[in-house]
Number of protein chains: 2
Amino acid sequence: MTASTSRRQRLRQATLEEIHAAARKLLVEQGSAAVTVNAVARQVGMSGPALYHYYAGHDELVGAVTADFFRELAAAMEQARDARDDAPLGDRILAACRAMRAWATAHPAEFGWIFASPVAPPDRRPDSARHQAALRFERILLDLVVELWRTRPFPVPDPAGLPASLREQLAAYSAAIGGRLPPEAAHVFLSCWIRLYGLLCMEVLHQLDFAYTDMAPVFDECLRDLAAALDLDRSGPPDA
Amino acid sequence: MTASTSRRQRLRQATLEEIHAAARKLLVEQGSAAVTVNAVARQVGMSGPALYHYYAGHDELVGAVTADFFRELAAAMEQARDARDDAPLGDRILAACRAMRAWATAHPAEFGWIFASPVAPPDRRPDSARHQAALRFERILLDLVVELWRTRPFPVPDPAGLPASLREQLAAYSAAIGGRLPPEAAHVFLSCWIRLYGLLCMEVLHQLDFAYTDMAPVFDECLRDLAAALDLDRSGPPDA
DNA sequence: TATGTTTCCTTAATGGCTCTAAAGAATCTA
DNA sequence: TAGATTCTTTAGAGCCATTAAGGAAACATA
């Protein structure tokens, strides 16, 4: 039973991968509007409605492919983070950030699809594969900053100086991440995240073409600001 | 001749405005995918192909509506800038920035449409109405910063400390804006623009919902950073 | 006022899309 | 070998963008 059943499942799995590859090929080569159920089915050699045996519809297909992109991006960042796990934590943080931009610039269509999928509103159900993959992606830097906070706390603002409304939101977020960062430290982390991710959003959406042809040095400067905010340059190796 | 001709033209103009209003209504109420040629035509009471007497196709309609949004956003910022033209320049800069976010949050669908119009790749021909309107929008803060630079120069980084590649791009941009800002000052301006616009992009694209329910205090803090970068708090009124 | 032109709008039609329904073929289970 | 499951196909409804052809109204002019 297991043998034959899993043979079917293997076949199904292979078809699913073919479908994803076809959708991605259409996205990269012809833009997001070309990723239609019919076109994807044609690409893998079946007729339109057959694809509904794999996905309930266009939106679900888009969500599955988006989850793939999140996973691939997360894997690239994790690999950079773990490439030299004897390196100082600060170096590993910066490596993960660089891997993020490297993936985004190597796969602009896919990265743009992630945060502004132009064909369907994102699936926000917290149990969707898309959401799970997005969480894994978002947690990579968070976990690194948590580790940094534990081993070598970075400077934080005085909570008393923050507006009450912001303090409350930071407290809620701090609780949502299990209290692994106090609100003030969460504030520093979120500020870094906004600058990093925001810059990549604008780059990929071509909002800065009017001024820059090569965003690499701009990103480098953003990383320097981030290193300063997290006090990464304070000293040498992590255990020194 | 003039009377009758302009009556026709007035009629046409009124129809154009009806079309734009219908497209916007569909966008706001049902999302960007609902802005179709047929649906818009239905909304204004004509049948699909009739709309082709006003626009060459779907993309041109989208471009015209997007230009409207840019103009409305720019007008809101200009009004805030000019509301009290006896106020210190720094206050007027901050007022324009606040007006930008106020418009974005009051019209999230329209603002999202501006930089990630999910139905058509933006028209980048430099003579398109969309492009002209985008330029007007982008120039508002630039002009303010130029004026600030002339009357009360803000601190700039040492160009020697910047990477060569960045220096070259900044020099090109400085030339593109008629040399009204030297490269180092242009760098400060662009950094501010990136942080401001990037934050709004992320807010409207719901990329920060995982942490914030109300971005107002986050934006306020961004404005404080901007004021610090431009040295707006140095002193009182402009002529003091 | 009569005539011709321009403008606006209609219907018809093509070919694409999403998605449902019904039915045939292949595969697995027993 | 018989029945159930799975995969796939064709047919079709209803949407979309767009083109083509023709009719009605408004306008300009003789």
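**How the two chains meet**

Modeller: The copies meet through the same surface, because 100% of the interface residues of chain B are also interface residues in chain A. This is a predicted model, in which local features need pLDDT of at least 70 and side-chain atom pairs count only at pLDDT 80 or more, while totals for chains, interfaces and linings use all residues. Residues are numbered from 1 along each chain as its sequence is written, chains are lettered from A and ligands numbered from 1 in the order in which they are written, and side-chain values use heavy atoms, with hydrogens and water left out.

Biologist: How many residues does the contact take from each chain?

Modeller: Contact means heavy atoms within 4.5 Å. By that rule the contact takes 35 residues from chain A and 34 residues from chain B.

Biologist: What is the area buried between chain B and chain A?

Modeller: Buried area is the accessible area (1.4 Å probe) that two parts lose on being put together, summed over both. Between chain B and chain A this comes to about 3,200 Å², and carbon and sulfur atoms give 63% of it. Four elements of chain B give two or more residues to the side that touches chain A: α5 (108-116), α7 (164-176), α8 (183-204) and α9 (216-229). The largest share, 10 residues, comes from α8(B). Helices here are DSSP runs (H or I, at least four residues), numbered from the N terminus.

Biologist: How many salt bridges are counted between chain B and chain A?

Modeller: A salt bridge is a side-chain nitrogen of Lys or Arg within 4 Å of a carboxyl oxygen of Asp or Glu. The count between chain B and chain A is 0.

**Within chain A**

Biologist: Which domains is chain A divided into?

Modeller: The bounds come from an automatic or database domain assignment, which gives domain 1 (1-54) and domain 2 (66-229). Their C-alpha centres lie 31 Å apart. The contact takes 6 residues from domain 1 of chain A and 10 residues from domain 2 of chain A. The secondary structure of chain A comes to 9 helices and 0 strands.

Biologist: Why is the meeting of E110(A) and R24(A) called a salt bridge?

Modeller: Their side chains meet at 2.8 Å, N to O, so the pair falls within the 4 Å limit. The count between domain 1 of chain A and domain 2 of chain A is 2 salt bridges.

Biologist: Which residues supply 72% of the area that domain 1 of chain A buries against domain 2 of chain A?

Modeller: R24(A), L27(A) and S32(A) supply that share, more than any other three residues. The area buried between domain 1 of chain A and domain 2 of chain A is about 650 Å², and carbon and sulfur atoms give 60% of it.
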